[in-house]
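Take a look at the structure below and keep it open while you read. We'll start at the ligand and then work through the rest of the fold.

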Amino acid sequence: MIAIIYASRATEPLSDDALRAILEEARERNEARDVTGLLLAVGGSFLQILEGAEADVDAVYARIREDARHTELRLLGREEIEDRGFGGWWMGFARPGADDLAAALPGYKPSTVYPLVDPSLIHTAALARTLLEMYARNP
Ligand code: FAD
């Protein structure tokens, strides 16, 4: 199995309905491929982890990369994993608040625009994982 972690920025402000549509689509497709993970959203920036068989994760990520609803995709990590860290979800979702961002990301300020895709804040997979794992859920 592998895990991919990437960050991106929404092309336009996404309404709750638009986000819900992305999640519904993601969950349906991920279930079909047994891909699990978590999507975080803060002020128009995204951080997502995808886990599963290599071919499935690569296929899902290839479609995500083409999606016009977000841009500035930055691959933070692609690594072999023994076990899933987010196995309870076809795609979990959370909106980290300022306290969690400050706890996980040294240098975070509430004034930071697009914090999840800011390379000065999240520049390694390890940092991204610290934040993602605050919301991990497993069966
Ligand atoms: P099609 O249904 O053929 O659509 C083609 C393109 O049309 C899409 O790539 C997209 O650019 C665009 N599009 C589709 N619907 C809309 C819409 N409502 N508004 C505007 N443009 C639209 N998919 C997964 O399978 N798993 C995931 O975990 C996942 N996570 C995502 C996370 C984010 C932040 C975003 C933005 C998207 C995510 N998606 C995920 C959706 C994924 O990008 C694809 O849209 C989806 O997989 C369908 O792929 P497709 O090529 O079959 O698209």
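A polar side-chain atom of N30 sits 2.8 Å from a nitrogen atom of the ligand. That is a polar contact, meaning a pair of N or O atoms within 3.5 Å; within protein, one must be able to donate a hydrogen and the other to accept it, and residues adjacent in sequence count only if both atoms are side-chain atoms.

| Residue | Part of the residue | Ligand atom | Distance |
|---|---|---|---|
| N30 | side chain | nitrogen | 2.8 Å |
| Q48 | side chain | oxygen | 3.1 Å |
| A68 | backbone | oxygen | 2.9 Å |

On its own the ligand would expose 930 Å², and the protein buries 68% of that; such areas come from the Shrake-Rupley method with a 1.4 Å probe, and for residues only the protein chains shown count as cover. In total, 18 residues surround the ligand, and the closest are N30, R63, D67, A68 and R69. A residue makes that list if one of its heavy atoms lies within 4 Å of the molecule.

Before going on, a word on the model: it is predicted, so local features need pLDDT of at least 70 and side-chain atom pairs count only at pLDDT 80 or more, while totals for chains, interfaces and linings use all residues. Residues are numbered from 1 along each chain as its sequence is written, and side-chain values use heavy atoms, with hydrogens and water left out.

Now for M91, which is found in the loop between β4 and β5 (92–94). Helices (H or I, at least four residues) and strands (E, at least two) are DSSP runs, numbered from the N terminus. Is M91 buried or exposed? With a relative accessible area of 1%, M91 is buried. Buried means under 20% relative accessible area, exposed means over 50%, and partly exposed is in between (1.4 Å probe, protein chains only). Leaving out neighbours within four places in sequence, M91 is in contact (heavy atoms within 4.5 Å) with residues including N30, T36, Q48 and I49. M91 and T36 are 55 residues apart along the chain, yet their C-alpha atoms are separated by 5.7 Å.

A polar atom of the S45 side chain lies 2.7 Å from the backbone oxygen of V42. Beyond four places in sequence, S45 touches S8, R9, L40, Y114, P115, L116 and V117.

What about the nonpolar side chains? In soluble globular proteins, they tend to be buried together. A nonpolar core is a set of buried Ala, Val, Leu, Ile, Met, Phe, Trp, Tyr and Cys residues joined through side-chain atoms within 4.5 Å. The largest one here has 27 residues, and L40, L47, L105, I122, L131 and L132 have the most contacts inside it. α4 gives the largest share, five residues. Apart from this core lies another one, of 17 residues, among them Y6, A10, L19 and F46.

As for α4, its A125, L127, A128, R129, L131 and L132 are buried. The buried residues of α4 pack against β1, β2, β3, β4 and α3.

D34, in the loop between α1 (16–33) and β2, has a phi near 55°, a positive value in a residue other than glycine. D34 is partly exposed, at 39% relative accessibility. E72 belongs to strand β4 (residues 70–80) and also has a positive phi, about 55°, although it is not a glycine. With a relative accessible area of 44%, E72 is partly exposed.
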